[in-house]
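Please read the following report alongside the sequence and the structure. It moves from the whole chain to a few selected parts.

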Amino acid sequence: MNDKRTTLLRKYAPMTKGQLKAVVSEYAAHFPEWAIFVDGTAFVRRSGPIQQMIWFQKMSSAAYRPTHGISSLVLPEAHIRMLSQVLDVKHREIEHRWHDRKFADTLAAMEEQFRPDIRKPLDLAEVLASCEAEAAAMLDTTNNMAMLAILYAWLGRDTDALDCCERMQHCPPPTLAPMPEWEEATRVFGRDLAKAVQVGSAREFLEVAAEK
């Protein structure tokens with residue numbers, strides 16, 4: 001009985017960090033133009049102040065979950081993110097023991113379902129359109145207004161950028177993460193970005209901020 005229980009515990013125990021990194025490395029090999037993230041659990045590509053990421057959540061069981069999102073390279077501690085996605089139910093969680101068998105099918109699902117398209121060059125005008133649609137479906141948040149302001153400013157839509165910088169000053173505080181100091185830091189960033197837009201140096205401001 002003890003041997004059987006031990007076998008079951010091993011079978012359903014969470015993946016180790018090494019196992020997860022090996023899985024990520026196998027997927028990343030099919031995206032040579034992307035870079036493996038520093039902790040080895042994601043790979044990313046960037047365009048201007050924006051980063052597209054595919055990361056792999058280690059589940060409580062012996063499984064992983066491919067996840068997608070867009071984040072800002074500006075003010076990384078505030079975790080400005082939008083367009084979070086997981087795959088459909090069929091492909092959402094992959095048991096590690098079935099990884100080899102399901103790899104090709106999961107990769108195809110990622111290519112079909114994740115947006116912006118992970119096989120096409122990252123088009124920030126397309127990213128903006130998707131972020132606008134997502135933001136329009138909910139109340140204003142500092143996170144969403146910051147993302148839109150960054151994209152508008154980068155693409156030269158100054159009036160829209162200034163509007164979002166102003167709107168983020170009046171968003172209700174979040175009930176959960178981010179922490180209040182991050183929320184305030186984002187509002188301060190919005191005020192600084194607005195000043196840069198007004199003097200015509202928004203791109204330079206964002207380039208410097210993204211490299212910090």
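Among contacts in the protein chain (heavy atoms within 4.5 Å) between residues at least 6 apart in sequence, 54% join residues at least 24 apart. The model is a predicted one, in which local features need pLDDT of at least 70 and side-chain atom pairs count only at pLDDT 80 or more, while totals for chains, interfaces and linings use all residues. Residues are numbered from 1 along each chain as its sequence is written, and side-chain values use heavy atoms, with hydrogens and water left out.

The protein chain has 212 residues, of which 42% count as buried, where buried means under 20% relative accessible area, exposed means over 50% and partly exposed lies in between, with a 1.4 Å probe and protein chains only. Its C-alpha trace spans about 70 × 35 × 30 Å along the principal axes. The secondary structure comes to 8 helices and 6 strands, taken as DSSP runs numbered from the N terminus (helices are H or I with at least four residues, strands are E with at least two). From the N terminus on, the elements run α-α-β-β-β-β-β-β-α-α-α-α-α-α.

| Element | Residues |
|---|---|
| helix α5 | 142-154 |
| helix α7 | 180-198 |
| helix α8 | 202-211 |
| strand β4 | 63-72 |

The axes of α5 and α7 come within 10 Å and cross at roughly 25°, the axes being lines fitted to C-alpha atoms over the stretch in contact, with angles that run from 0 to 180 degrees between N-to-C directions. That makes α5 roughly parallel to α7, a term for angles under 35 degrees. In this contact T142, A146, A149, I150 and A153 of α5 meet E183, T186, R187, F189, L193 and V197 of α7. These residues divide into 7 nonpolar, 2 polar and 2 charged; Ala, Val, Leu, Ile, Met, Phe, Trp, Tyr, Cys and Pro count as nonpolar, Asp, Glu, Lys and Arg as charged, and the others, Gly among them, as polar.

In helix α8 the buried residues are A202, L206, A209 and A210. Seen down the axis of α8, they fall within an arc of 95°, so they line one face of the helix, the arc being that of the directions from the helix axis to the C-beta atoms. On the other side of α8, V208 and E211 are exposed. What covers the buried residues of α8 includes β2 (42-47), α5 and α7.

Strand β4 holds S71, which counts as buried at 12% relative accessibility. Leaving aside neighbours within four places in sequence, S71 is in contact with P49, I50, Q51, I80, R81 and M147.

Definitions and conventions: Angles under 35 degrees count as roughly parallel, over 145 as roughly antiparallel, 65 to 115 as roughly perpendicular and the rest as oblique.
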